[in-house]
Amino acid sequence: MENHIVDLHLSDRATRQKWQQFLESLGIHNFSDAEVDKIDFTLGLLDEQGQLVGTGSAAGNVLKYIGVCNKEAVPGARFNAIVSALTNRLFQEHRFHLFVFTKARYSASFQHLGFKELAHSDAAFLETGDPNVDDYLAAVPRVDGQATKKVAGIVMNANPFTNGHRYLVEQAAKENDLVYVFVVNTDLSLFKTSERFELVKAGTADLKNVIVVDGGDYMVSYATFPAYFLESADQTIRYQTTLDARVFRDTIAPALNIKTRYVGSEPLSRTTGIYNQVLQQELPPKVALKIIERKTATNGNYITATEVRKCINDDNLDAIVGLVPATTQKFVEDHVAILQERIKEGMNINGN
């Protein structure tokens, strides 16, 4: 009966308690609803006595809450059994490209099972399956003679694309031969990924040296980064942004000859402020970081996507004029009912 895999239904209070106690015994302590509610399914590994000796969960294509007790077991056998069971289940669901965020000391164990490490700090970020990062980069458009050109990169959520975002792109476009704008891929924003991507394209269409690219799975969003093995919110932000910066610095930038990354100054958001600090620590000297002073509206206030979303929520579309390009304005006016319905349904309107 060794290596007997079962489904653990965490909606059952007793099962969740037993699962949580097991993981706590292994040093995992973060079981906030924000973490657990993202789980799609959880597997358990039972020993011959029916005791829980291993577990792992999946949220989308991310593996999380993996833990095993190796007492009286062949080293690595239970870990291999759980990870293999998780990947097999996900493959059955036609999810062939998987990620894991884990403590750095467990990275080698995942690599033995075919995962490739994309970056590590005290935490590690790994992937397996197809399409992988090489496939992603191969699909990014290039220009002739790119290796000799001055190339910059910008990563933005653009929820939605504002005149502040536009100003940042304009500054980069003036100072470089080519600018890549990577749009973070997450449908947990008020504006869906496809909508934000099209708004950025439409809002920069006249800038001929700008290429807008879907960030795919490699511009990691705060929404998908698991914090269950970390102790504090600040630690979560720093771990995630460090991994994100290192993937960009060591994998994305060299492949595309990106020498400078542009960001806006961040006087308002503590999270983004920490992100800028981490980028400053991690990117140079391989990739320069240029911080552009955030653009202000005619009233002197900083232009933010947060303010635009608040105007949508308040049904005050007149106040958006001057905050967004005409292309974003038209989209909001044409889709205001849908956007307001998303907000009523609980869609988070925070974050740029």
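This is a predicted model: local features need pLDDT of at least 70, side-chain atom pairs count only at pLDDT 80 or more; totals for chains, interfaces and linings use all residues.
**Backbone details worth a look**

- A cis peptide bond also joins Asn 159 to Pro 160, again with omega near 5°.
- Pro 160 belongs to the loop between strand S8 (151-156) and helix H6 (163-175).
- That loop between S8 and H6 also holds Ala 158, which has a positive phi of about 55° although it is not a glycine.
- Is Ala 158 buried or exposed? Ala 158 counts as buried, because its relative accessibility is 0%.
- His 94 is another non-glycine residue with a positive phi, here about 65°.
- You can find His 94 in the loop between helix H3 (77-92) and strand S5 (97-103).
- With a relative accessibility of 62%, His 94 is classed as exposed.

**Nonpolar cores**

- The largest nonpolar core has 36 residues, and Ile 154 and Ile 312 are the ones with the most contacts inside it.
- Which elements each supply at least two residues of this core? They are S8, H6, strand S9 (178-183), helix H7 (193-203), strand S10 (210-214), helix H10 (305-313) and helix H11 (326-344).
- H11 gives the most to this core, contributing five residues.
- Setting aside neighbours within four places in sequence, Ile 312 touches Phe 191, Leu 317, Ile 320, Val 332, Val 336, Leu 339, Gln 340 and Ile 343.
- There is also a second, separate core of 35 residues, and among its members are Leu 118, Ala 123, Leu 137 and Ala 253.

**Salt bridges**

- How many salt bridges does the model hold? The count comes to 16 salt bridges.
- One of them pairs the side chains of Asp 33 and Arg 16, at 4.0 Å from N to O.
- Asp 33 lies in helix H2 (residues 33-36) and Arg 16 in helix H1 (residues 13-25), so this bridge ties together parts that are 17 residues apart in sequence.
- Both ends are partly exposed: Asp 33 has a relative accessible area of 48%, and Arg 16 has a relative accessibility of 22%.
- Lys 116 and Asp 134 form another side-chain salt bridge, at 3.9 Å from N to O.
- This pair links distant parts of the chain, with Lys 116 in strand S6 (residues 116-120) and Asp 134 in helix H5 (residues 133-139), 18 residues apart.
- Lys 116 is partly exposed at 41% relative accessible area, and Asp 134 is partly exposed at 46%.
- Glu 175 and Lys 290 also meet in a salt bridge, where the closest N and O atoms are 2.9 Å apart.
- Here helix H6, which carries Glu 175, is linked to strand S12, which carries Lys 290, and the two residues are 115 residues apart.
- Glu 175 counts as partly exposed at 29% relative accessibility, as does Lys 290 at 32%.

How values were computed: Residues are numbered from 1 along each chain as its sequence is written. Side-chain values use heavy atoms; hydrogens and water are left out. Helices (H or I, at least four residues) and strands (E, at least two) are DSSP runs, numbered from the N terminus. Buried means under 20% relative accessible area, exposed over 50%, partly exposed in between (1.4 Å probe, protein chains only). A nonpolar core is a set of buried Ala, Val, Leu, Ile, Met, Phe, Trp, Tyr and Cys residues joined through side-chain atoms within 4.5 Å. Contact means heavy atoms within 4.5 Å.
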